[in-house]
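User: I would like to go through a structure step by step. Could you take my questions as they come?

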Amino acid sequence: MKLPLDSQSRILAFETSCDDTSVALLDGEGLVLALKSANQDQVHRPFGGVVPEIASRAHLSLILELAESCLEAGHCQWKDVTAIVTTNRPGLVGSLLVGVVTAKTLAQILGIPLLGVNHLEGHLQSGNLRDSLWSPPKEFRNPSVALLVSGGHTQIILCTESTNTILGGTRDDAAGEAWDKFAKMLDLGFPGGPKVDQAALDGDPNAFAFPRAMMAGDSLEMSFSGLKSSAHRWISELRQESDWQKHIPNLCASFQQAVTDVLLAKLDLAVKRHKVTSVLIAGGVSANSFLRSQAQSWALSRGLCLVLPPLRYCTDNAAMIGLAGIRRLNRGEISHLGLVASPNSMPTDFVVQDFT
Ligand code: KG4
Ligand code: ZN
């Protein structure tokens with residue numbers, strides 16, 4: 001493999017860490033040539049959440065078909081692929097294994113390098129992706145601060161070209177998990193985040209006074225479990241009314257306002273403390289329309305360069321994994337065939353600042 005990778009190189013990337021099966025083809029400069037994803041919402045919906053074994057089986061049946069359709073869309077053949085990148089951590093191990101074993105086997109057959117990357121590093125790269133419709137603002141500069149909000153993680157991270165330092169995060173539920181559990185309390189169905197987003201459009205964000213935890217002082221820690229309990233109490237009380245559903249828009253709007261207030265207050269604190277001018281909001285929850293509009297107003301008022309990736313790069317996708325891989329391949333990193341799938345990040349993936 002010739003380094004640095006260039007516009008002639010073709011990187012095939014896999015993402016199977018949870019319940020989205022995704023394959024992407026990028027050129028060596030990070031331009032996304034094709035992205036094919038299949039969510040498994042329909043198969044998990046009857047269970048109200050992701051069932052790990054069903055997710056693994058679905059990945060297995062989808063991954064090669066998506067890879068072939070990606071190559072076709074990118075006008076590329078198997079022999080043209082330069083390297084294969086796959087998420088190998090953190091996530092559901094059975095799901096990760098499908099991507100890892102597929103990537104290993106293809107790399108071996110094609111005689112090309114293989115690289116396993118961290119899923120969260122992928123989310124952090126989602127702001128740098130480029131395709132025929134989108135490219136990030138040129139003013140974006142590292143060091144920057146990222147708010148990573150997904151179903152499993154809620155962290156504030158200081159990003160430089162070579163290191164990602166976790167400055168703070170949630171002590172309990174991830175923001176996406178809070179959105180999903182709140183949706184469940186309201187019987188809104190699966191997946192919950194987008195349903196709450198939708199229902200909140202007709203609601204008043206000040207109708208219910210949900211708590212905002214850990215706002216005093218200058219800590220970058222967060223907690224969403226108190227909010228969940230408060231929501232549970234409100235909803236149980238309102239359910240006594242026969243037409244309780246009429247409260248759903250106001251409940252959803254007030255819930256989103258409470259979580260967004262916490263997320264943006266912490267982000268503001270981190271930006272001031274580290275004197276950065278560039279900010280990224282990434283991860284599935286960054287698709288939320290209310291969070292996006294509030295974040296835009298905040299960034300404008302503070303004169304910041306804010307990157308909110310387009311929706312296709314917010315939720316889990318293989319394009320972000322491809323880009324994280326390209327940066328590492330260019331540094332000479334490759335994985336050996338003993339690459340494992342792990343539920344956790346590796347200790348060397350992030351610098352963790354003691355925020356307790
Ligand atoms: O990054 P992601 O696709 O998977 C993980 O790495 O966890 O994030 C999934 C999370 C879920 O909790 C989902 O409900 C949430 O992102 N999500 C949203 C929206 N779209 C996805 N939450 C709020 N509003 C949305 N529009
Ligand atoms: Zn994710």
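Analyst: The answers below concern a predicted model, and they take up pockets, a metal site, some individual residues and the backbone.

User: What about the second largest pocket, how much space lies in it?

Analyst: The second largest pocket holds about 380 Å³. It has 26 lining residues, and Gln125, Cys159, Thr160, Asn164 and Arg327 lie nearest its centre. Two or more lining residues come from each of helix 4, strand 6 (144-149) and helix 10 (318-330).

User: Changing topic: which residues are the protein donors of the zinc ion (ligand 2)?

Analyst: The zinc ion (ligand 2) has His119 (NE2), His123 (NE2) and Asp316 (OD) as its protein donors, at 2.0 to 2.1 Å. Along the chain these donors follow the spacing H-x3-H-x192-D.

User: Is His123 buried or exposed?

Analyst: His123 counts as buried, because its relative accessibility is 0%, and buried means under 20%. Asp316 is also buried, as its relative accessible area is 17%.

User: You named Asn164 earlier. Where is Asn164 placed?

Analyst: Asn164 is in strand 8 (residues 164-169). Its relative accessibility is 14%, so Asn164 counts as buried.

User: What does Asn164 touch, not counting residues up to four places away in sequence?

Analyst: With those residues set aside, Asn164 touches Glu121, Leu124, Ile157, Leu158, Cys159, Phe350 and Val351. As for Ala146, 18 residues away along the chain, its C-alpha atom is separated from that of Asn164 by 9.4 Å.

User: Now Thr154, please. Where does Thr154 lie?

Analyst: Thr154 lies in strand 7 (residues 154-159) and is buried, with a relative accessible area of 3%. A polar atom of the Thr154 side chain lies 2.7 Å from the backbone nitrogen of Ala175. Beyond its neighbours within four places in sequence, the contacts of Thr154 include Leu148, Val149, Ala174, Met222, Phe224 and Leu263.

User: Back to helix 6 for a moment. Which residues of helix 6 are buried?

Analyst: They are Gly192, Gly193, Val196, Asp197 and Ala199. These buried residues pack against helix 5, helix 8 (248-274) and helix 9 (289-302).

User: Last topic, the backbone. Which residues does a cis peptide bond join?

Analyst: One cis peptide bond joins Leu3 and Pro4, with omega about -5 degrees. Pro4 is in the segment before strand 1 (10-15). Another joins Arg89 and Pro90, with omega about -25 degrees, and Pro90 is placed in the loop between strand 4 (83-89) and helix 3 (93-110).

User: And what is phi of Met214?

Analyst: Phi of Met214 is near 55 degrees, a positive value in a residue that is not glycine. Met214 belongs to the loop between helix 6 and helix 7 (225-238), and its relative accessible area of 27% makes it partly exposed. Lys275, not a glycine either, has a positive phi of about 50 degrees.

User: Where is Lys275 found, and is Lys275 buried or exposed?

Analyst: Lys275 is in the loop between helix 8 and strand 9 (278-282). At 72% relative accessibility, Lys275 is classed as exposed, the cut-off for that class being over 50%.

Key:
Residues are numbered from 1 along each chain as its sequence is written. Chains are lettered from A and ligands numbered from 1 in the order in which they are written. This is a predicted model: local features need pLDDT of at least 70, side-chain atom pairs count only at pLDDT 80 or more; totals for chains, interfaces and linings use all residues. Side-chain values use heavy atoms; hydrogens and water are left out. On a 1 Å grid over the protein atoms alone, a cavity is a set of points where a 1.4 Å probe fits but cannot get out, and a pocket is an open set with protein on both sides within 12 Å along at least five of seven lines; lining residues have an atom within 4 Å of a point. Grid points are joined across faces, edges and corners, and a volume is the space filled by probe spheres set on the points. Helices (H or I, at least four residues) and strands (E, at least two) are DSSP runs, numbered from the N terminus. Donors are N, O and S atoms within 2.8 Å of the metal (3.2 Å for Na, K and Ca); water is not among the atoms, so sites may look incomplete. Buried means under 20% relative accessible area, exposed over 50%, partly exposed in between (1.4 Å probe, protein chains only). Contact means heavy atoms within 4.5 Å. A polar contact is a pair of N or O atoms within 3.5 Å; within protein, one must be able to donate a hydrogen and the other to accept it, and residues adjacent in sequence count only if both atoms are side-chain atoms.
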